[in-house]
There are 2 protein chains.
Amino acid sequence: MKKTSAVIGLSHLRVTLSESFYIGPGRADLMELIAETGSISEAAKRMGMSYKRAWGLVQALNEGFGAPLVEASRGGNAQGASLTAAGCEVLERYRGMQEATRKAIARDVEALLALHDMSQGK
Amino acid sequence: MKKTSAVIGLSHLRVTLSESFYIGPGRADLMELIAETGSISEAAKRMGMSYKRAWGLVQALNEGFGAPLVEASRGGNAQGASLTAAGCEVLERYRGMQEATRKAIARDVEALLALHDMSQGK
DNA sequence: CCTCGATATGTCCGAATGGGAATATCGATG
DNA sequence: CATCGATATTCCCATTCGGACATATCGAGG
């Protein structure tokens, strides 16, 4: 069984911009950790995924968007990764959309939780 | 390659009610088709999935929610499937949340699309 | 020119996913 | 009680996904 986010309410929001690009919770979290740590491998470790998978996601982000969202350089002391300006904006917009969605669906979530509890006789 | 919904903008909204239950676009579509056709197998066919998979999703819905959302009966002329009252409400609420989310993120989606086009020099 | 740390990339393999097909089951109807 | 249509359930197998591991690569600094 795959571990599902324990958050009650909005758990997954995916926004598609084109046939080849979308942004969802996993990609956003990875971008955020890359921004925080300055490293793809460290971000991968903190997300509990392999470097290979994280690197694949970065590829999907960059190639899918058509312009780099994550920039990485190897060698020397400048090695590491960071978000481009476009990457930062995509991430910020996504966080904003998450929050807007939470607010927009809050009442329905409450109603569903009530229905859920009632259906189980709690 | 799995066919991804071609819809630009909101493409996936998943709402988690408990550790064992969530409702997302695929499950909602399946429930809707079951309500329309009165049959799990026909709904599966229209969604382009196997009956087995559809049946598994129905199990996940019913067992995960803790109360039946889809009711099925076999034998006789009453055979078929339909949504329970709770199932109808879950579906309607989900559709409402989808619409509320689309409205809530519309401006951000527009901004991202503009950024996307600009980043590609279009 | 050697080391070091992080990126980049390929290979191998186990787990999970899901389809296809076969089969069993149910129950009203004739 | 035989039929029929749809649900319920079980095998088998191809494909995919991703982890583990091994290298290769880069480039500043000692």
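Helix axes are lines fitted to C-alpha atoms over the stretch in contact, and the angle between two axes runs from 0 to 180 degrees between their N-to-C directions. All views below are taken from a predicted model.

**View 1. Helix 1 of chain B crosses helix 2 (residues 40-47) of chain B.** The two axes come within 8 Å and cross at roughly 125°. Angles of 65 to 115 degrees count as roughly perpendicular and those over 145 as roughly antiparallel; helix 1 and helix 2 of chain B are therefore oblique to each other. Their crossing is right-handed. Helix 1 of chain B contributes B:G26, B:D29, B:L30, B:L33, B:I34, B:E36 and B:T37 to the contact, and helix 2 of chain B contributes B:I40, B:E42, B:A43, B:R46 and B:M47. By class, this contact comprises six nonpolar, two polar and four charged residues.

**View 2. Helix 1 (residues 25-37) of chain B also crosses helix 4 (residues 85-119) of chain B.** Here the axes come within 10 Å, with a crossing angle of roughly 125°. Helix 1 and helix 4 of chain B are therefore oblique to each other, and the crossing is left-handed. On helix 1 of chain B, the contact is made by B:P25, B:A28, B:D29, B:M31 and B:E32; on helix 4 of chain B, it is made by B:G87, B:L91, B:Y94 and B:R95. Five of the contact residues are nonpolar, one is polar and three are charged.

**View 3. In chain A, helix 2 (residues 40-47) packs across helix 3, with axes that come within 8 Å.** The crossing angle is roughly 115°, and helix 2 and helix 3 of chain A are therefore roughly perpendicular to each other. The handedness of this crossing is right-handed. The contact joins A:I40, A:S41 and A:A44 of helix 2 to A:Y51, A:A54, A:W55 and A:V58 of helix 3. Six of these residues are nonpolar, one is polar and none is charged.

View 4. Within chain A, strand 1 (residues 9-18) pairs with strand 2 over three bridges in the antiparallel sense. A:V15 has its bridge partner, A:I23, in strand 2 of chain A.

**View 5. A:F21 and A:F65 form an edge-to-face aromatic pair.** The structure holds two aromatic pairs over all chains. For the pair A:F21 and A:F65, the centres lie 5.1 Å apart and the angle between the planes is 75°. A:F21 lies in strand 2 of chain A and A:F65 in helix 3 (residues 51-65) of chain A, so this pair ties together parts that are 44 residues apart in sequence.

**View 6. Strand 3 (residues 70-73) and strand 4 (residues 80-83) of chain A run antiparallel.** Four bridges join the two strands.

Technical notes
Residues numbered from 1 in each chain as written. Chains lettered and ligands numbered in written order. Predicted model: local features only at pLDDT ≥ 70, side-chain atom pairs only at ≥ 80, totals over all residues. Heavy atoms only, no water. Pairing = 2+ DSSP bridges. Parallel < 35°, antiparallel > 145°, perpendicular 65-115°, else oblique. Left-handed = near helix turned anticlockwise from the far one by under 90°. Contact = heavy atoms within 4.5 Å. Nonpolar A, V, L, I, M, F, W, Y, C, P; charged D, E, K, R; others polar. Phe/Tyr/Trp six-rings, centres within 6.5 Å; stacked < 30°, edge-to-face > 60°.
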